[in-house]
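Please work through the following exercises with the sequence and the structure at hand. Each task is followed by a worked solution.

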Amino acid sequence: IAGFVFTVVIGTLLHFTYEWSGNNALVGAFSAVNESVWEHLKLLSVPMLLFGVAEYFVYGRKKDNFVPVRLLSILLGMALTVTVFYTYSGIIGHHVPIVDILIFFVAAFVSYRYSYKMLQTDRYSSKLSQGFAVLGVILLVACIIIFTFAPPQIGLFRDPNSGAFGAAVL
């Protein structure tokens, strides 16, 4: 419950922090820099990563599957967000901001629910799973930062309002 609340509060704030910072590149690396779907995925993934670090030091070190489960829960939330957003907006021909916000809340809830359930098991406890998960977290953080400033030129990264890709700080 605490992780869910942290994620929705911090994620909501991250929607505005780049603008509030005067378009600071360091802030932009972890905040939404435009209205693209990719930038909105940061609103879920960054708080979940931050909360996961705190959780790791509180109890996660005692769970061999903590890092793999946390990574999978973040990826699940991101995949759910993309799938539901493009499905509903494709069907009706446009997006609805209140629905987008609800998707964010649902994705955060599903992610934490999955994490809670999986941490009750020993799935993904092997050293191999742990190693791949650490690599996956590093890759996810690298993608979050790199794609902010040098995104692929595909729809996921396009700001629907301006047509721009990524942050305009470089």
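**Exercise 1.** How many helices and how many strands are there in the protein?

*Solution.* This is a predicted model, in which local features need pLDDT of at least 70, side-chain atom pairs count only at pLDDT 80 or more, and totals for chains, interfaces and linings use all residues. Residues are numbered from 1 along each chain as its sequence is written, and side-chain values use heavy atoms, with hydrogens and water left out. Helices (H or I, at least four residues) and strands (E, at least two) are DSSP runs, numbered from the N terminus. The protein has 7 helices and 0 strands. Its pattern along the sequence is therefore written α-α-α-α-α-α-α.

**Exercise 2.** State what share of the residues of the protein counts as buried.

*Solution.* Buried means under 20% relative accessible area, with a 1.4 Å probe and protein chains only. By this rule, 39% of the 170 residues are buried.

**Exercise 3.** Which residues have the most contacts inside the largest nonpolar core?

*Solution.* First, a nonpolar core is a set of buried Ala, Val, Leu, Ile, Met, Phe, Trp, Tyr and Cys residues joined through side-chain atoms within 4.5 Å. The largest such core has 29 residues, and W38, L44, I74, M78, L140 and I144 have the most contacts inside it. Next, the elements giving two or more residues are α1 (2–14), α4 (37–58), α5 (66–92), α6 (97–119) and α7 (127–149). Of these, α4 gives the most, with 9 residues. Finally, take I74: beyond its neighbours within four places in sequence, I74 is in contact (heavy atoms within 4.5 Å) with L44, S45, M48, L49 and L140.

Methods:
Buried means under 20% relative accessible area, exposed over 50%, partly exposed in between (1.4 Å probe, protein chains only).
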